Amino acid sequence: MLGPVILAASRSDRMRRLISAAPVTKQVVDRFIAGEDVDDVVPVVRKLTGRGLELTMDVVGEDITNPAQAAAARDAYLELIDRLKPLELGTRAEMSVKLSMFGQALDGGHDMALANVRPVVEAAAEIGTTVTLDAEDHTTLDSMFAIHEELRKDFPQTGCVIQAYLFRTEADARRLAANGSRVRLVKGAYKEPASVAYQDKHEIDKAYVRVLRTLMDGEGYPMIGSHDPRLIAIAQELGRHAGRKPDEYEFQMLYGIRGEEQLRLTAEGYRVRVYTAYGTDWYGYFMRRLAEKPANLRFFVRSMITK
Ligand code: FDA
């Protein structure tokens, strides 16, 4: 029951100001956010890749209000890519982007987001890596998929995310699996109405398995974005059944969540990519992590009270 309340708070400016200013917030935020700037995050990249993990890097931010912020977001990714270049990691460090941060919700936002994301995809390709477009709330997805298709004309490795909780996703998965795309499948992290999304956890899990089967049986590269042990085991089984080798799909988990499981799967020969978020505009990202697990919220509140 707490999840939807926290997700509603994640869109409230008042809550954003209150929570961001609380002095104890930082220690809880640090569990999920790898640092404030690129200087903080490069050592994290070295550490995780040194342990055999791969990364997808997210400069946090979303819901911007003017084109200058969208251009600044683009430049933050370009700076990151520039700093990754000497590490020569290729696809071991890719980027994840939220198109809302590139201006998608502003006037003329679809074209603005495409114009801002293209140089990031180009720069990523120059250092031998790629970009995945995150999935945000359902109203943004037609635009996201159109931008994905456009980028794939020149950069076929560009990936996208689909969310099992949405009714539309089974059809999206069939299309993407048939055209050979890289696709990250997640349960879904936004507050969506019953008219477009399953509300029941069990229904969402069942949809996840149906979509996963489509991806595993298809022509593309499935990326299993989940910490759920049952779904991870099912993915391994479906991968075997589809005749895929362990490096013909990958697992993805968030920085700060189930670190031991990430290493265990790596040791078993699976590719594991850690979604590593950093930056100062962490509020929306952080609140979604609280909503996913009420125990995180209890820890957060306790640390506020005991300080
Ligand atoms: P579930 O929530 O059932 O969690 C399974 C177990 O994992 C829990 O019991 C707990 O042990 C652990 N766990 C999960 N979340 C935790 C948390 N926040 N804190 C502590 N422990 C936690 N969503 C979206 O809408 N668009 C997107 O683009 C993305 N991108 C994305 C990338 C990657 C790599 C991942 C892993 C996830 C996303 N998500 C996302 C988020 C996703 O939709 C979903 O909200 C979370 O992954 C939680 O769902 P699980 O599948 O992990 O299962």
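Which residues does Gly188 touch, not counting residues up to four places away in sequence? They are Gln163, Ala164, Tyr165, Leu166 and Ala197; contact here means C-beta atoms, placed from the backbone, within 7 Å. This is a predicted model: local features need pLDDT of at least 70, side-chain atom pairs count only at pLDDT 80 or more, and totals for chains, interfaces and linings use all residues. Residues are numbered from 1 along each chain as its sequence is written.

**Annotated site**
- An unreviewed UniProt entry places the feature "binding site" at Gln163, Lys187, Gly188, Ala189, Lys201, Ser226 and His227.
- UniProt positions follow the numbering used here, feature names are shortened, and annotations may be inferred rather than shown by experiment.

**Lys187 and Gly188**
- Lys187 is in the loop between β5 (182-186) and α9 (201-217).
- Gly188 also has its place in the loop between β5 and α9.
- Helices (H or I, at least four residues) and strands (E, at least two) are DSSP runs, numbered from the N terminus.
- Gly188 is buried because 22 other C-beta atoms lie within 10 Å.
- Lys187 has 19 C-beta neighbours inside 10 Å, so Lys187 counts as partly exposed.
- Buried means 20 or more other C-beta atoms within 10 Å, exposed means 12 or fewer, and partly exposed lies in between, with C-beta atoms placed from the backbone.
- Leaving out residues up to four places away in sequence, Lys187 touches Gln163, Ala164, Tyr165, Ile204, Tyr208 and Ser226.

Technical notes: Two residues are in contact if their C-beta atoms, placed from the backbone, lie within 7 Å.
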